[in-house]
Each structure stands twice: as structure tokens, then as C-alpha cells.
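Biologist: I'd like to learn how to read a model like this one. Could you put it up on the screen and take me through some features?

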Amino acid sequence: MARYIALTCEALARSVYAAAATSPHTVSVRLFKQGLHNRPKGLRATLQDEIDAIEPGSCDAILLAYGMCGTATVGLKARQAPLVLPRAHDCITLYLGSRERYNEEFLSHPGTYWYSLDYMERQEPGASVALGAAGIGDDEEQYAQYVQKYGQETADMLIEEIRSWSRHYTRAAYIDLEISDGGVYAERAQAKAEKEGWIFQRMAGNTRLMHMLVHGEWPAEEFLVVTAGQAIAQSYNESIVKAAG
């Protein structure tokens with residue numbers, strides 16, 4: 001039996017805990033605010049500080065339940081224990097279960113506004129309500145905040161800029177992992193789609209990558225293992241990340 005420390009975003013909390021509950025290994029889960037994704041350098045620094053603070057000999061591997069996440073995990077260095085990272089661009093791949101399915105969805109519907117239970121229930125005030133769409137939130141709430149902070153004229157310009165960007169979206173997709181009933185959150189995603197005139201799709205997710213990560217099943221084609229002294233680097237090909245150093 002191995003001992004793992006899993007570092008993950010709140011947006012994956014339920015699936016990480018569910019996988020840890022059935023893992024044959026001892027898994028300690030540490031959650032980080034999902035708002036950190038809006039500042040990749042800040043998220044990288046937070047994760048590196050956490051990695052550096054882990055006592056030598058306290059675990060056999062540090063599991064990063066993240067994707068590359070806007071290069072936030074690129075540059076992270078392994079210290080006393082190996083780092084294990086899924087070969088994924090972002091958490092949407094982890095929700096869908098494979099890079100192949102992620103690519104299929106991206107090619108068929110590139111303008112997709114993604115939703116999930118974990119992300120929506122832990123949403124911070126003023127944050128985006130969708131995965132991978134930072135800065136696109138509810139117009140009315142954002143507008144009120146902008147007016148208070150910048151004045152009405154600037155608020156009008158900011159909202160128009162946000163709206164022009166959101167016109168590239170054509171679909172709202174709610175990923176259902178069946179860990180819990182999405183309930184009101186799935187309804188909110190559907191309401192957003194109807195408001196914007198988008199297609200709405202509630203699709204089944206797949207936790208296989210999270211299961212494999214937490215259960216210690218790390219085939220090289222789907223996971224990167226970075227040994228002590230090495231760092232995570234971007235590979236600029238289909239493998240997404242590689243070890244450097």
C-alpha cells in the first residue's frame with residue numbers, strides 16, 4: 001500500500017474524494033480555490049509552495065489532479081517525492097475521461113460553455129459560472145459590480161466587450177458524473193443556454209482518469225511521472241507535458 005498526497009482544485013473535489021474512497025492506497029486530499037486558475041502564475045506558486053512544504057518520507061508520490069491549466073502546472077518541480085500529472089489541457093479532460101473524447105467535443109463544438117456540479121456549488125462571488133470561461137459571468141451581477149467600481153460609462157464598455165466575446169459560444173454543456181444529482185445547477189446551465197440562444201446538452205462524464213490517478217495506475221501515454229529533481233515542461237505535441245531537468 002502506497003501513501004499519496006493529492007493536490008487538486010475545488011472544481012474536482014467530489015470526483016477526487018470518490019476515487020480516494022475506493023483506492024487501495026492511503027490518499028490525503030488537499031483542495032485549492034478554483035479562482036486561482038484565473039492567475040496561472042499564482043496557482044503555480046501556490047502548488048510549488050505546497051510541494052516544497054511536504055515532509056520528506058511522508059508520501060510515495062504527489063498526485064496533481066489538474067491539467068496543464070493555462071501552463072499553471074508547467075514549471076512545477078518535484079522535490080522529495082515524484083509528481084504525477086494527467087496528460088490533459090485542463091479539468092474538462094478529467095471530467096470527460098480522456099483526451100480523445102475532449103478532442104472530439106472540441107472539434108464538434110469548439111464554442112462550448114462547460115458546467116459541472118463541483119464548479120458551480122463552490123463558485124466565488126463575481127466569478128465565472130462555467131468551466132474554462134473565466135470572466136464571463138452573469139451580466140446583471142457583473143454590471144452592478146462594474147458600475148460601483150468604475151462608473152456607468154466604463155461599466156457599459158466592459159459589459160459590451162464581454163458580450164462580444166461570448167457570442168462565439170453556441171452550446172452549454174453540463175457534465176454529469178452521477179456522483180450526485182446536479183439538480184438546480186443543471187437547471188441553471190439550461191436556463192443560461194435558453195437565455196443566450198445556445199444548444200443545451202447534459203452529458204455523462206467519466207471519472208476513469210481520476211480513478212487511475214488516485215489508484216496508482218499511471219500508463220505513460222496518459223500520465224506524466226516527474227521524478228525528484230525534475231520539472232514539468234510543456235511538450236508542444238499530443239503528449240501535452242514532459243519531464244525536464
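**Starting from one tryptophan**

Modeller: Start with Trp218, whose side chain comes to 3.0 Å from the backbone oxygen of Leu213. Residues are counted from 1 along each chain as its sequence is written, and side-chain values use heavy atoms, with hydrogens and water left out. Keep in mind that this is a predicted model, with local features needing pLDDT of at least 70 and side-chain atom pairs pLDDT 80 or more, while totals for chains, interfaces and linings use all residues.

Biologist: Where is Trp218 found?

Modeller: Look in the loop between H9 and E8. Those labels are DSSP runs, numbered from the N terminus: helices are H or I with at least four residues, strands are E with at least two. The protein chain has nine helices and 10 strands.

Biologist: And which residues does Trp218 touch?

Modeller: Touching, or contact, means heavy atoms within 4.5 Å. Leaving out residues up to four places away in sequence, Trp218 touches Tyr4, Ala61, Leu63, Val84, Met212, Leu213, Phe223 and Val225. Take Val84: it sits 134 residues from Trp218 in sequence, yet their C-alphas are 8.1 Å apart. Across the protein chain, 62% of the contacts with a separation of 6 or more are between residues 24 or more positions apart.

Biologist: How many aromatic pairs does the structure hold?

Modeller: Rings of Phe, Tyr and Trp (its six-membered ring) pair if their centres lie within 6.5 Å; planes under 30 degrees apart are stacked, over 60 edge-to-face, the rest tilted. There are five such pairs here. In one of them, Tyr4 and Trp218 have ring centres 5.5 Å apart and planes at 50°, so that pair is tilted. It links distant parts of the chain, since Tyr4 is in strand E1 (residues 3-9) and Trp218 is in the loop between helix H9 (208-214) and strand E8 (223-226), 214 residues apart. Tyr4 is buried at 7% relative accessible area, whereas Trp218, at 25%, counts as partly exposed. Another pair, Tyr113 and Tyr115, is edge-to-face, with 5.3 Å between centres and 80° between planes.

Biologist: What are the cut-offs behind "buried"?

Modeller: Under 20% relative accessible area is buried, over 50% exposed and in between partly exposed, using a 1.4 Å probe on protein chains only. Of the 245 residues in the protein chain, 48% are buried.

Biologist: What about Ser116: is it buried or exposed?

Modeller: Ser116 has a relative accessible area of 0%, so it is buried. You'll find Ser116 in strand E5 (residues 112-116). Its side chain makes a polar contact of 2.9 Å with that of Tyr95. That term covers N or O atoms within 3.5 Å, one able to donate a hydrogen and the other to accept it; sequence neighbours count only through side-chain atoms on both sides.

Biologist: How do you look for empty space inside?

Modeller: You roll a probe the size of a water molecule over the atoms and see where space is left empty. A cavity is a set of points on a 1 Å grid where a 1.4 Å probe fits but cannot get out, and lining residues have an atom within 4 Å of a point.

Biologist: Which residues lie nearest its centre?

Modeller: Of the 13 lining residues, those are Arg14, Leu117, Asp118, Leu177 and Ile179. Helix H1 (13-22), helix H5 (117-121) and strand E6 (171-176) each give two or more residues to the lining, and E6 gives the most, with three.

Conventions. On a 1 Å grid over the protein atoms alone, a cavity is a set of points where a 1.4 Å probe fits but cannot get out, and a pocket is an open set with protein on both sides within 12 Å along at least five of seven lines; lining residues have an atom within 4 Å of a point.
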